[in-house]
Every structure is written in structure tokens, then in C-alpha cells.
Amino acid sequence: MNIKNYTQIIGRIGKDLEIKSSENTSFLNFTIAVDDSYYNTKEDKKVERSYWINCVAKGKMAEHITKYYAKGDQIAIQGKLVSRSYENKEGQTIYITEIEIETAEITLRREAKNKED
């Protein structure tokens, strides 16, 4: 059996998108809010909750997302889970797990995004 690192989620972009560049490529780090609300039958009420998922796009995908998407847009992404670490200013090692985006599709716009092709 061939098992592949693959994940797919739908959520809303949580902040304004800002592309950054390094020596080798451009990249975009952002978060997506994924709804995980449910109905609690014991208390007879809906429980609202969401998870914030870290995402990263590189190269042309980063440029595409920055050009066509905005904060509040609902987006469907597909990609793979990756982990990385870095050392912060206090010398602590910070570990991050995020989705490295391979494809993205807009599902619902919060507001019109007026950018030319």
C-alpha cells in the first residue's frame, strides 16, 4: 500500500496576505480558520469553535494566492504537512507544523478583490 502525505482543508484566510522573498524564492505564511462547531445535545446548544491552521505557499503558488485572495475569503487548499523549527530571540526552539500548499481554490469571497491579471 502506497501512503502519501496529503491533506485537504476548507477555511477562511485569517489575515492580510503579505508575500516575502528570500534568496531562492518567494513565500507566503498565513493562517486559515477551520470551523469545527458542533451541537451539544446534553446542553441543547451549538458550541462554536474553530482551529487555526498554519499554511505556507512558495514560488508561483505564493504569488497566485497573494494576487487573487484576501483576508476573509473562504479557500480550499490541498498540500502536505511539513514540520520545521527555528530559534526565537530568547534562544528557545520553536516547532511549527504547517500545510505546504500545492493547490488552492477559492470557494467564497468575503469582499471583491480588484487586481488586474
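## Salt bridges across the structure

A salt bridge is a side-chain nitrogen of Lys or Arg within 4 Å of a carboxyl oxygen of Asp or Glu. By this criterion, a search of the whole structure finds five salt bridges. The structure is a predicted model, in which local features need pLDDT of at least 70 and side-chain atom pairs count only at pLDDT 80 or more, while totals for chains, interfaces and linings use all residues. Residues are numbered from 1 along each chain as its sequence is written, and side-chain values use heavy atoms, with hydrogens and water left out.

Strands (E, at least two residues) and helices (H or I, at least four) are DSSP runs, numbered from the N terminus.

Asp 36 counts as partly exposed because its relative accessibility is 28%. Arg 49 has a relative accessible area of 38% and is therefore also partly exposed.

Lys 45 forms a salt bridge with Glu 43, in which the closest N and O atoms are 3.5 Å apart. With 43% relative accessibility, Lys 45 counts as partly exposed.

Lys 46 pairs with Glu 48 in a salt bridge whose closest N and O atoms are 3.7 Å apart. Glu 48 has 59% relative accessibility, so this residue counts as exposed.

## Two buried residues

Glu 98 is part of strand E8 (residues 93-108) and counts as buried because its relative accessibility is 6%. Its side chain is joined to that of Arg 84 by a polar contact of 2.8 Å. A polar contact is a pair of N or O atoms within 3.5 Å; within protein, one must be able to donate a hydrogen and the other to accept it, and residues adjacent in sequence count only if both atoms are side-chain atoms. Leaving aside residues up to four places away in sequence, Glu 98 touches several residues, including Asn 29, Asn 54, Lys 80 and Arg 84, where contact means heavy atoms within 4.5 Å.

Thr 66 belongs to helix H1 (residues 59-68). This threonine counts as buried, at 13% relative accessibility. The side chain of Thr 66 reaches the backbone oxygen of Ala 62 at 2.8 Å.

Methods. Buried means under 20% relative accessible area, exposed over 50%, partly exposed in between (1.4 Å probe, protein chains only).
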